Amino acid sequence: MRYSKLYAPTLKESPADSDIKSYELLIRGGFIRKISSGVYSYLPLGWKVIRKIENIVREEMERIGSQEIMLPIIHPAELWQMTGRWDDYGPELMKLKDRHNREFTLGPTHEEIVTFLMKNELRSYKQFPVNVFQVATKFRDEIRPRFGVLRAREFIMKDAYTFHTDYNSLHETYKEFYGAYDNICKRLGVKYAIVEADTGAIGGSFSHEFHVLAQNGEGKIYFCENCGYAASDEKAKSSEDFQGVEEETLKEIQMVDTGDCKTIEEVSNFLNVPKTKLIKSILLKSNKEWIMALIRGDKELNISKIRSFFQDQTIDLAQPEDVLKAFKVNVGYIGPINVPNDVKIIADFSVSSMKNGVIGAMQEKKHYINANPYRDFRIDEVCDIRYVEEGEKCPTENCEGKLKMARGIEVGQIFELGDKYSIKMKAYFTDENGEQKPYIMGCYGWGVSRTLGAIVEQLNDEDGIIWPKSIAPFEVAVLPLIKNDESIKDFSEKVYDFLIKKGVDVLLDDREVSAGIKFKDIDLIGVPLKILIGKSFKDGKVELKLRNSKETFFVNFSNFENLYEEVINYLAKYEQDLKIKF
Ligand code: ATP
Ligand code: MG
């Protein structure tokens, strides 16, 4: 490609709505443009990188025998009603009606569609296993679209689905996907982590996430260097049960005035008791019931653990107005005493063994002190419902390690779904004995467009993007640096033609602009290797410069083969350096 023909409008200024480095660089580098909140167009450079990511993903899918299909983006409501997700998936489902008033949704994921497709086709055990994937547009009406393509509303995902007659076959395939995803990460050339994950709205029993590590990543990963345990924050187990932590005699419960103190901080200061003596009472609501969660004042509630415990994705924090209406008291004074029996009370381990704690009194401006679980209030369930913290003991049995935290961007997730969808959609096959059995399923998502943003978020510097070679929009840029010099121009053309013939992805910066502008643009768009043709040309030399290093290497260009070999060597060195450096 010649730069003079390339449609890649670069910008000096960062966009006004920039909220993360990768978004700024993708806009400034002319890779993407925003159309509306969470909706983007990909310009030639952005699309080229997307295609390279997609090809790596596609090759790894095909390597494990997955076959490419294409499913519709518009899904009839009936299919989502069959699984209950028409209501359960929540407001992220973008619902719409056709001219006959029939309801549809734009597909945020395709379990319903693919199960429906297969249910009419796979009838005998002899037809299994089946393994299919697509690379397609998804739509999720995210509550807060942000960080550019990292959390978009319309985005590109590779999603694969597998169908089995039994769990052994599913486990085998799951392992193959795990390996394929590991390979994708390696081929992308980034630092990454694989973690145990919560199954969330997709459901099922077993799941892993693949994260590109980045300081500003939304995802928190907890890991133990001692045993290798690694889990997302939603999933990471807390191993501390606080049993026997407090050896106190139980005191008499007493109601006290706490005035306008509503938050943990305020109540703790006002009563002069540590936060560890306070019990947060948090009201949650599903589309069926109210739940009260109790957690120690210094800990954070993990709603994913509650959703997973009750197997109900509709559970969410109740709105303060709803709480006031239902319980006739403001959220700051909510507590577990006098709670109607149909409200389930679930307590974290940090609360169940607490002695003489402080709780909201269910009356305005009042709290109880010396409240004791089981004596003064009921607890229906005790389990781990809090986020772990750095430095906590590793949850692996017999491991003495401590948990550390890193930040990442989730680019892929794989799930063992089991029969969750097949039973609800009545997708059965006939087994060897003539019996009807539900399909056993797995599903495997990879965020193709999110990967574009995630890699830029990990690999950039003050000059711009530092693309790994495997997905760079161009591997090499040829820069004639002296204006109006015909011999340099001519030589640059020859180098460009030669490298193209060799299969190198080259950009020739043939623009009539200053060397400074060329450097700035090529570095901003992140080309791994520059071939500089300038002052030393008259001495029979060109300069090679790698994107991630300040060093310049002079190369004699006595013959083009020689130059080509040097290019390949330096690109290999670049790949190696990136792995070490980041
Ligand atoms: P998140 O927790 O970040 O919202 P998710 O767990 O809901 O993501 P999955 O259902 O696992 O997402 O989807 C598979 C992949 O699709 C994710 O790993 C991610 O790479 C990508 N993805 C999901 N939501 C978005 C989004 N809003 N924008 C871009 N990519 C997304
Ligand atoms: Mg996920």
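A polar contact is a pair of N or O atoms within 3.5 Å. With that in hand, here are some close-up views of this predicted model.

**View 1. Side chains that reach ligand 1.** Start with glutamate 410, where an N or O atom of the side chain is 2.6 Å from an oxygen atom of ligand 1. Arginine 140 also takes part through its side chain, with an N or O atom 2.9 Å from an oxygen atom of the ligand.

**View 2. A backbone contact and the cover over ligand 1.** At valine 411, look to the backbone: one of its N or O atoms lies 3.0 Å from an oxygen atom of ligand 1. On its own, ligand 1 would expose 580 Å², and the protein buries 85% of that area.

**View 3. Helices α2 and α6 packed together.** Now turn to a pair of helices: α2 spans residues 44–63 and α6 spans residues 167–188. They pack at an angle of about 150°, and their axes are 9 Å apart. Angles over 145 degrees count as roughly antiparallel, and α2 and α6 are therefore roughly antiparallel to each other. Their crossing is right-handed.

Conventions:
Residues numbered from 1 in each chain as written. Chains lettered and ligands numbered in written order. Predicted model: local features only at pLDDT ≥ 70, side-chain atom pairs only at ≥ 80, totals over all residues. Heavy atoms only, no water. Polar contact = N/O pair within 3.5 Å; in protein donor to acceptor, adjacent residues only side chain to side chain. Areas by Shrake-Rupley, 256 points an atom, 1.4 Å probe, with all protein chains shown as cover. Axes fitted to C-alpha atoms, helices over the stretch in contact; angles between N-to-C directions. Helix = DSSP H or I, 4+ residues; strand = E, 2+ residues; numbered from the N terminus. Parallel < 35°, antiparallel > 145°, perpendicular 65-115°, else oblique. Left-handed = near helix turned anticlockwise from the far one by under 90°.
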